[in-house]
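Look over the structure first, then read on.

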Amino acid sequence: DPGLDVDRRRIRGGLHGLDRRARALFNADDEILSVRVWRKDETGSYQHVYTFIDQERLASLNISVDEIEQARKLTPVPVEAVAQERILLQNVSLAPDLALLRLSAASADGRIVISASLRPERILRLARGTGLYRVYLVDGQGHALAHTDGQKVLSHADLSGLAVVKD
């Protein structure tokens, strides 16, 4: 399939079914833009073993593979931290106008870490709020993941100084 970029050389061991599973995941949720997988090797180090990028989906959203790669390089997945914490949501948006989130999760035994780049529309809808309330979503360091002001998300605004975030 020419619209998909799958690094087939790196699929080893029990990972042959990843391609089929990644396609099913992409078909089930149109907010997923890319998937990366790491596997812990015999030395205890995590090795990147799989990448799946739907180039047609990116093109339809006017997003390039280079932008996905730039977000990955600017905000790398802290694989060891994901393995320890089991799940991590990161704002990997690129200014001036590409809002992106990354959701990473580890298997129960911590040997596999999976990371997906996502369009944040679902989460941003939560932050719309009304005149009665405001909803913000921040990461563990207080940086904006979802906010009524989209520029705060795009700029990775530090909201840790707000009283509600401090609490």
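Which residue forms a salt bridge with E69? The partner is R72, and their closest N and O atoms are 2.6 Å apart. Keep in mind that this is a predicted model. A search of the whole structure finds 2 salt bridges. Side chains of opposite charge can pair when their charged atoms come close.

**The pair E69 and R72**
- Both residues sit in helix α3, which covers residues 65-74.
- E69 and R72 are 3 residues apart, so about one helical turn separates them.
- E69 counts as buried because its relative accessibility is 19%, and buried means under 20%.
- R72 has 25% relative accessibility, so R72 counts as partly exposed.

**The pair E121 and R119**
- E121 forms a salt bridge with R119.
- Here the closest N and O atoms are 3.4 Å apart.
- E121 is partly exposed, at a relative accessible area of 33%.
- R119 is buried, at 18%.

**The serine S104**
- S104 belongs to strand β5, which spans residues 101-106.
- Is S104 buried or exposed? S104 is buried, and its relative accessible area is 0%.
- The S104 side chain makes a polar contact with the side chain of S115, at 3.1 Å.
- Setting aside neighbours within four places in sequence, S104 touches several residues, including V77, V82 and R86.
- I87, L88, I114 and S115 are also among the contacts of S104.

How values were computed:
Residues are numbered from 1 along each chain as its sequence is written. This is a predicted model: local features need pLDDT of at least 70, side-chain atom pairs count only at pLDDT 80 or more; totals for chains, interfaces and linings use all residues. Side-chain values use heavy atoms; hydrogens and water are left out. A salt bridge is a side-chain nitrogen of Lys or Arg within 4 Å of a carboxyl oxygen of Asp or Glu. Helices (H or I, at least four residues) and strands (E, at least two) are DSSP runs, numbered from the N terminus. Buried means under 20% relative accessible area, exposed over 50%, partly exposed in between (1.4 Å probe, protein chains only). A polar contact is a pair of N or O atoms within 3.5 Å; within protein, one must be able to donate a hydrogen and the other to accept it, and residues adjacent in sequence count only if both atoms are side-chain atoms. Contact means heavy atoms within 4.5 Å.
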